[in-house]
Amino acid sequence: MSSRALRRLKGKQRGQEALSIEDLKLDEGQEEAENDNVDEEVSRSANTAGRKSKKHKMKKNISNIYELVTYRCYCSLNSGQEKGKKKKKKKKAIVGDLQVNSATKDRLGDDIDSVLATLDKSNGVSHQTEGSTRLDSRPILYVEHRNLNPDTELKRYFGARAVMGDQRPRQRQRQYHRSTWMTFPKDTWPHFSKPGISMSLLESRDGLQYFTFEHNRDYQQVQFKFLDAVESMDPNNIIVLLQLNPYHIDSLLQLSDVCRLQEDQEMAKDLIERALYSFECAFHPVFSLTSGTSRLDYRRPENRAFYLALFKHMMFLERRGCPRTALEFCKLILNLDPENDPLCMLLLVDFLCLRCREYAALIRLFEEWEAHRNLSQLPNFAFSVALSHFHLSQKEEEAERLEESQRHRHQSNGLLQNALIMFPSVLMPLLDLCTVQPDSAVSSHQFFGPKSCLGQPPALAELVSLYVGRIHGLWKESGVLLWLEENVHGVLSRVNEEDPLFFVFNFRRKVRYQSCPRNIHRHVILSEIKEAISSLPLEVTTQPMMGFDPLPPLDSVPSHSRPERQNAGASNESTLSTFFRSLLPNFNVQDDMEVAQAGRELNQEVNRLMVAMRDMLANIRFQEPPREDNPDRDEEEWD
């Protein structure tokens with residue numbers, strides 16, 4: 001019986017019994033068995049140690065993912081060779097989906113480059129194809145969160161260290177704000193508290209969610225005060241209101257325009273970012289910037305401010321030199337209401353695509369939307385798509401893609417000639433802004449001469465002036481001008497030969513473009529392109545323009561109405577007498593609104609008085625004294 005069994009019978013635990021010399025002695029049978037067991041354990045531990053040392057040596061050399069792949073290939077080759085010796089068959093070692101041929105087996109463990117080359121041949125092409133297919137399968141107006149941050153684009157241009165610099169605050173000085181995508185809060189901003197804006201889900205229909213912003217009662221009262229401040233025509237009143245309500249949206253938009261007119265671009269941009277931050281903090285949990293299924297109705301006044309804030313922020317990004325980020329915001333605005341397009345973003349998306357060299361995206365948008373939106377009838381798409389094909393033909397200069405380059409060049413020539421035939425009034429203003437003197441054969445021809453600009457409809461003139469004033473800088477490249485000159489001469493030859501397409505396009509110009517919709521006028525006003533603003537009709541320019549709501553829709557859907565201000569001064573006193581009476585020490589102010597109304601009326605009367613005095617002084621004529629016809633007449637006759 002073993003000592004362990006004896007301890008259990010005696011009820012003793014290990015280490016409690018007293019040790020003696022006799023206990024250390026073993027029988028001969030037990031000694032031989034123990035020796036055999038020890039030898040087996042030693043040999044087993046030695047083999048295990050040997051394998052561990054080999055694995056340790058192999059793992060010691062693994063320093064990156066490429067060596068790890070090589071190590072796995074080496075292990076699989078060794079196992080394949082052992083199985084081949086037993087079964088006397090040749091097999092290929094498989095690493096995942098990679099099959100290594102017999103010629104590669106001998107040098108795979110030593111040559112890493114061969115593994116990478118085999119990986120590129122077997123999996124590299126398929127991965128690229130899958131990636132491109134995945135990108136093409138996305139909607140054309142797909143918005144990515146990371147592209148909404150202008151720092152992402154600036155880092156790609158200048159590097160992270162040049163962009164960030166010392167902007168990273170220390171851990172102790174860092175202030176934590178709510179995570180947002182469109183803008184990032186700054187430490188210089190006032191403390192954010194809910195300003196009274198919320199978003200609600202109206203309905204879900206056909207896979208789309210329709211949302212709207214809502215104002216609570218306190219915010220509505222602030223909005224009424226803002227309208228009074230705007231009517232006073234004094235920016236200081238808006239500043240006072242903004243000090244009390246630092247995240248009031250319309251005040252931020254209006255004051256941003258004032259700062260921009262005073263050439264304070266940084267402050268104007270900061271106010272717009274603050275407005276966007278306030279909007280994003282009020283988003284509904286289901287509202288998504290990237291899904292393309294969230295809709296906002298522009299007819300509701302609460303939603304218009306969000307559209308305008310996005311548009312103004314996009315324009316600041318484009319002027320800052322971030323066209324890719326501006327394009328992402330352009331797609332975001334277009335996603336909010338692609339059917340009605342209240343800000344007419346289709347007149348701008350082509351320019352941003354050309355600025356950030358997204359030529360393929362612009363061509364894809366044209367091909368997908370041409371059937372139901374008729375984009376070829378817009379001058380900007382007719383010329384910009386042709387320019388995109390030209391840039392792609394210049395980009396693909398490799399011998400392997402020569403056929404693709406020739407195809408893009410052929411398409412660019414055909415599209416540009418069709419655009420020149422459809423919109424001949426674009427050429428001369430475009431060359432003028434590019435400071436290019438046209439050929440005498442072109443300038444003297446009746447098709448491109450002054451007659452083409454004078455005979456076009458006013459709506460078409462507005463579209464042409466908008467496109468030329470915005471995009472003329474992209475046509476100044478020497479290669480583009482040579483390509484344009486070549487196709488202009490091609491168009492003249494087609495016109496001289498009386499191409500039937502010339503008569504078809506001439507008929508379309510006369511029938512269409514009778515009047516511009518209201519969203520195009522709104523886009524021209526927001527773009528502030530002087531060539532296009534000068535072509536606006538009188539019924540638009542004579543209307544009062546407010547920066548916080550330019551050209552509101554005629555079918556607006558207001559959620560609350562502004563209360564009519566009652567004139568408390570029901571007495572027959574005039575405004576001037578009320579003003580002088582207010583200077584007395586015993587004057588009692590009953591209502592602040594009454595005093596403000598009296599002051600505005602006083603300003604109006606003073607302005608009328610000044611205008612009348614100017615007219616009176618301008619009409620004063622001094623009579624000349626009568627001329628003396630008889631110089632010999634006596635002076636007594638004057639008595």
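# Notebook: aromatic cluster, hairpin, cysteines, positive phi

I looked up F283 and F287 and found both buried (buried is under 20% relative accessible area, exposed over 50%, partly exposed in between, with a 1.4 Å probe and protein chains only). I note that this is a predicted model, in which local features need pLDDT of at least 70, side-chain atom pairs count only at pLDDT 80 or more, and totals for chains, interfaces and linings use all residues. Residues are numbered from 1 along each chain as its sequence is written, and side-chain values use heavy atoms, with hydrogens and water left out.

**Aromatic pairs**

I searched for ring pairs and got 22 aromatic pairs in the structure. The rings are those of Phe, Tyr and Trp (its six-membered ring), and they pair if their centres lie within 6.5 Å; planes under 30 degrees apart count as stacked, over 60 as edge-to-face and the rest as tilted. The pair F211 and F287 is edge-to-face, because the ring centres are 5.3 Å apart and the planes stand at 90°. I then placed the two residues: F211 is in strand β4, while F287 is in the loop between α12 (265-281) and β5 (294-296), so this pair ties together parts 76 residues apart in sequence. Helices (H or I, at least four residues) and strands (E, at least two) are DSSP runs, numbered from the N terminus. F211 has a relative accessible area of 1% and is buried; F287 is buried at 8%. The pair F283 and F287 is tilted, since the centres are 4.7 Å apart with the planes at 50°. I listed the members of one aromatic cluster as F211, F213, F279, F283, F287 and F306.

**Charges over rings**

I checked for a charge over a ring (NZ of Lys or CZ of Arg within 6 Å of the ring centre and within 35 degrees of the ring normal). R156 has its charged end over the ring of Y157, 5.9 Å from the centre. R319 lies over the face of F316, also with 5.9 Å to the ring centre.

Strand β3 covers residues 197-205 and strand β4 residues 208-215; I found them paired in the antiparallel sense over eight bridges. Two strands pair if DSSP finds at least two bridges between them. R205 is opposite L208 of β4. Two residues separate the strands of this hairpin, and D206 in the turn has a positive phi of about 55°.

I took the span of helix α9 (residues 217-231): its 15 residues reach 22 Å from first C-alpha to last, close to the 21 Å expected at 1.5 Å a residue. The expected span is 1.5 Å times one less than the number of residues. Buried residues of α9 include Y219, V222, F226 and V230.

Which residue with a positive phi follows α9? It is M233, with phi near 60°. M233 is not a glycine, and its place is the loop between α9 and α10 (235-244). The relative accessible area of M233 is 69%, so it is exposed. I also logged E263, another residue other than glycine, with a positive phi near 65°. E263 lies in the loop between α11 (249-261) and α12, and at 69% relative accessibility it counts as exposed. For reference, most residues other than glycine have a negative phi.

**Cysteines**

How many disulfides does a search of the whole structure find? I got zero; the criterion is a pair of cysteine sulfur atoms within 2.5 Å. C330 has its closest cysteine sulfur in C353 at 7.7 Å, which is too far for a bond. C330 is buried at 0% relative accessibility. For C356 the closest cysteine sulfur is again in C353, at 5.6 Å, too far for a bond. C356 has a relative accessible area of 13% and is buried.

L387 is in helix α17 (residues 379-395) and is buried, at 0% relative accessibility. Apart from neighbours within four places in sequence, L387 contacts L354, L474, W475, V480 and W483. L387 and V480 are 93 residues apart in sequence, with 8.1 Å from C-alpha to C-alpha.

S527 belongs to helix α25 (residues 518-527) and is buried, with a relative accessible area of 5%. Leaving out neighbours within four places in sequence, I found S527 in contact with F311 and R470.

Technical notes
Contact = heavy atoms within 4.5 Å.
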